Amino acid sequence: MTRHKTSARKPVVSEDLGKKPMPLRTEEQEVLPVQEIDAIETNRQAAITQCKEYIRKVVAQYFPEKLMPQLLHLVDEYANGIISCTPIMIAINDTKGLRPIDFYHLIWNLWTRLNALDRRASCRFIKNAFPMILENTNEETIYRKMNDTYVKCTIENNPKDEPLVP
């Protein structure tokens, strides 16, 4: 049988330390009106729709048709901030002429419209999304090349204020 010995120590209280107790924080957090929340969500859904249309009409033509659902699912995962997304296991030779820089442009186009992840997390996302294609590319390279320099490539960077689908 074990006995529990009660502590002979007296609990420390603020008076013993000569300090005043910290006041309770009673600040109210700013709460957005329902209409503003609805507008934000409507804009977000419109951006997701625009990005999916971009995948269907611009990006998917470089992939086997059977990968279309997976490509569209990537947009949903990115929009929801899921960095460890479902990978698309495809080799660069099976993408009808795409190069790694085209994938940097792809993520740039999603990043500038969806604002779901920061730039560094977006680099991890695209590397996770296409692990076979970007296996020899480090995130720092993607970060450096994921910028607003508009270089002629198969998949181009589109300025945020221009539509993704021509």
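1. Contacts of F63. This is a predicted model. Beyond its neighbours within four places in sequence, F63 is in contact with L71, I90, T95, K96, L98, F103 and F130.

2. The nonpolar core. F63 also belongs to the largest nonpolar core, which has 42 residues; F63, F103, L106 and F130 are the members that touch the most others. At least two residues of this core come from each of α2 (34-59), α3, α4 and α5. The greatest contribution is that of α4, with 8 residues.

3. The cavity. How many cavities of 30 Å³ or more are there? The count comes to 1, and the volume of the largest cavity is about 60 Å³. Its lining consists of I55, L71, L74, V75, L106, L110, F125, I126 and F130. Two or more of these lining residues are given by each of α3 (68-79), α4 (100-114) and α5 (119-129). Here α3 gives the most, with 3 residues.

4. By class, the residues around the largest cavity comprise 9 nonpolar, no polar and no charged ones. Two of the lining residues, L106 and F130, are also among the residues that touch the most other members of the largest nonpolar core. L71, another residue of the lining, is one of the contacts of F63.

5. N109 in helix α4. The side chain of N109 makes a polar contact of 2.9 Å with the side chain of Y54. Apart from neighbours within four places in sequence, the contacts of N109 are Y54, I155, E156, N157, N158 and L164.

6. K96 in a loop. K96 is located in the loop between α3 and α4. Although K96 is not a glycine, its phi is positive, at about 55 degrees. With a relative accessible area of 53%, K96 is exposed, as the cut-off for exposed is over 50%. K96 is also among the residues in contact with F63.

7. N115 in a loop. The loop between α4 and α5 holds N115. This residue, which is other than glycine, likewise has a positive phi, near 50 degrees. N115 is exposed, its relative accessible area being 57%.

Notes: Residues are numbered from 1 along each chain as its sequence is written. This is a predicted model: local features need pLDDT of at least 70, side-chain atom pairs count only at pLDDT 80 or more; totals for chains, interfaces and linings use all residues. Side-chain values use heavy atoms; hydrogens and water are left out. On a 1 Å grid over the protein atoms alone, a cavity is a set of points where a 1.4 Å probe fits but cannot get out, and a pocket is an open set with protein on both sides within 12 Å along at least five of seven lines; lining residues have an atom within 4 Å of a point. Grid points are joined across faces, edges and corners, and a volume is the space filled by probe spheres set on the points. Helices (H or I, at least four residues) and strands (E, at least two) are DSSP runs, numbered from the N terminus. Ala, Val, Leu, Ile, Met, Phe, Trp, Tyr, Cys and Pro count as nonpolar, Asp, Glu, Lys and Arg as charged, and the others, Gly among them, as polar. A nonpolar core is a set of buried Ala, Val, Leu, Ile, Met, Phe, Trp, Tyr and Cys residues joined through side-chain atoms within 4.5 Å. Buried means under 20% relative accessible area, exposed over 50%, partly exposed in between (1.4 Å probe, protein chains only). Contact means heavy atoms within 4.5 Å. A polar contact is a pair of N or O atoms within 3.5 Å; within protein, one must be able to donate a hydrogen and the other to accept it, and residues adjacent in sequence count only if both atoms are side-chain atoms.
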